[in-house]
Amino acid sequence: MRLSRFFIDAPLSLGQHDLPEAQAHYIGRVLRLAPGAAVQLFDGSGQEYLGALLEVGKKLVRVELHQQQAGLPESRLRIHLGQGLSRGERMDWAIQKAVELGVTEITPVVSERCEVRLKDERADKRLAHWRQIAISACEQCGRSVIPEIHPPMPLVQWLGVEAALKLVLHPVAEPLSAHQHPDSLAFLIGPEGGLSDTEVAQAHNAGFHPARFGPRVLRTETAPVVALSVAQQLWGDF
């Protein structure tokens, strides 16, 4: 039977803990776990904690943590994904899969052909939503460190990102294997309408190299899956 694993947004240690109300509701009312059920908790520090539920109520869940261990190591390749802002489920999918594939940071990038515009309260809600997607992906895939999800940023501003190797998807490009092994990587992927020629030129002027993944045109939510998989295979932990 699979061990239930949860992220707790508070420092953990051995001993007893009362879990935050959100997690308590999910464990007690949604999953309906009972006292004695084994759980595995992590707080984003890279450590994992094994324990068992002591008390399960409507608003209170108490756990006893009895073992601490190091979580899965992060990929040796640090990847910052600049993902073109896209609609609803497409953006959610891109973030979820990028987290599963070991991305370190994600910045939703606002470019010329973006069909989504977020402002003020709506932007804050979407950012909280994306961060929760990242947390859920970590709970599922076994990562012990939550990747950072940055607020949306204009493309020109994001192009100043620092990395040993910077890549932008482009139809004419050398294979990734032509590049020397980097320890950090910035990947720019356009929105549903793609990047304009001007934006590609801006990326090139900012030090981005063109990258291509086969002869087919990939959707904006498919491109990060392919790009990160190939990068992890070449330089990361695949």
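Leucine 72 lies in the loop between β5 (61-70) and β6, where helices (H or I, at least four residues) and strands (E, at least two) are DSSP runs numbered from the N terminus. Leucine 72 is exposed, with a relative accessible area of 52%; here buried means under 20% relative accessible area, exposed over 50%, and partly exposed in between (1.4 Å probe, protein chains only). From leucine 72 to leucine 234 there are 162 residues in sequence and 20 Å in space, C-alpha to C-alpha.

The model is predicted, so local features need pLDDT of at least 70 and side-chain atom pairs count only at pLDDT 80 or more, while totals for chains, interfaces and linings use all residues. Residues are numbered from 1 along each chain as its sequence is written, and side-chain values use heavy atoms, with hydrogens and water left out.

**Overall build**

- The protein has six helices and twelve strands, and its C-alpha atoms fill a box of roughly 60 × 40 × 30 Å, taken along the principal axes.
- Of the 238 residues of the protein, 45% count as buried.

- Isoleucine 27 has its place in helix α1 and is buried, with a relative accessible area of 0%.
- Isoleucine 27 and leucine 60 are 33 residues apart in sequence, and their C-alpha atoms are 9.9 Å apart in space.
- Tyrosine 26 also lies in helix α1, but at 39% relative accessibility this tyrosine counts as partly exposed.
- Tyr26, Val30 and Leu31 make a nonpolar surface patch of about 250 Å²; patches are made of residues with over 30% relative accessible area and no salt bridge, with like charges joined within 9 Å and nonpolar side chains (Val, Leu, Ile, Met, Phe, Trp, Tyr) within 5 Å. The accessible areas come from the Shrake-Rupley method with a 1.4 Å probe, and for residues only the protein chains shown count as cover.
- Arginine 32 sits in the loop between α1 and β3 (38-42) and is exposed, with a relative accessible area of 64%.
- Phi of arginine 32 is near 55 degrees, a positive value in a residue other than glycine. Most residues other than glycine have a negative phi.

**The second largest pocket**

- The second largest pocket has a volume of about 340 Å³. On a 1 Å grid over the protein atoms alone, a pocket is an open set of points with protein on both sides within 12 Å along at least five of seven lines, whereas a cavity is a set of points where a 1.4 Å probe fits but cannot get out. Grid points are joined across faces, edges and corners, and a volume is the space filled by probe spheres set on the points.
- This pocket is lined by 16 residues, of which Arg5, Phe6, Tyr26, Leu31 and Glu139 lie nearest its centre; lining residues have an atom within 4 Å of a point.
- At least two lining residues come from each of β1 (4-7), α1 (21-30) and α3 (120-141), and α3 gives the most, with five residues.
- The lining divides into eight nonpolar, five polar and three charged residues, where Ala, Val, Leu, Ile, Met, Phe, Trp, Tyr, Cys and Pro count as nonpolar, Asp, Glu, Lys and Arg as charged, and the others, Gly among them, as polar.

**Salt bridges**

- A search of the whole structure finds nine salt bridges, each being a side-chain nitrogen of Lys or Arg within 4 Å of a carboxyl oxygen of Asp or Glu.
- One of them joins the side chains of glutamate 55 and arginine 62 (3.4 Å, N to O); glutamate 55 is partly exposed at 35% relative accessibility, and arginine 62 is partly exposed with a relative accessible area of 25%.
- The side chains of arginine 87 and glutamate 192 also meet in a salt bridge (2.9 Å, N to O). This pair links distant parts of the chain, 105 residues apart, with arginine 87 in the loop between β6 (78-84) and α2 (88-100) and glutamate 192 in the loop between β11 (184-189) and α5 (197-205).
- Arginine 87 counts as partly exposed at 45% relative accessibility, and glutamate 192 is partly exposed with a relative accessible area of 22%.
- Arginine 90 forms a salt bridge with glutamate 221, the closest N and O atoms being 3.8 Å apart. Here too the pair links distant parts of the chain, with arginine 90 in helix α2 and glutamate 221 in the loop between β12 (209-211) and α6 (223-235), 131 residues apart.
- Arginine 90 is partly exposed at 27% relative accessibility, whereas glutamate 221 is buried, with a relative accessible area of 12%.
- Arg87, Arg90, Glu192 and Glu221 are linked in a network of salt bridges.
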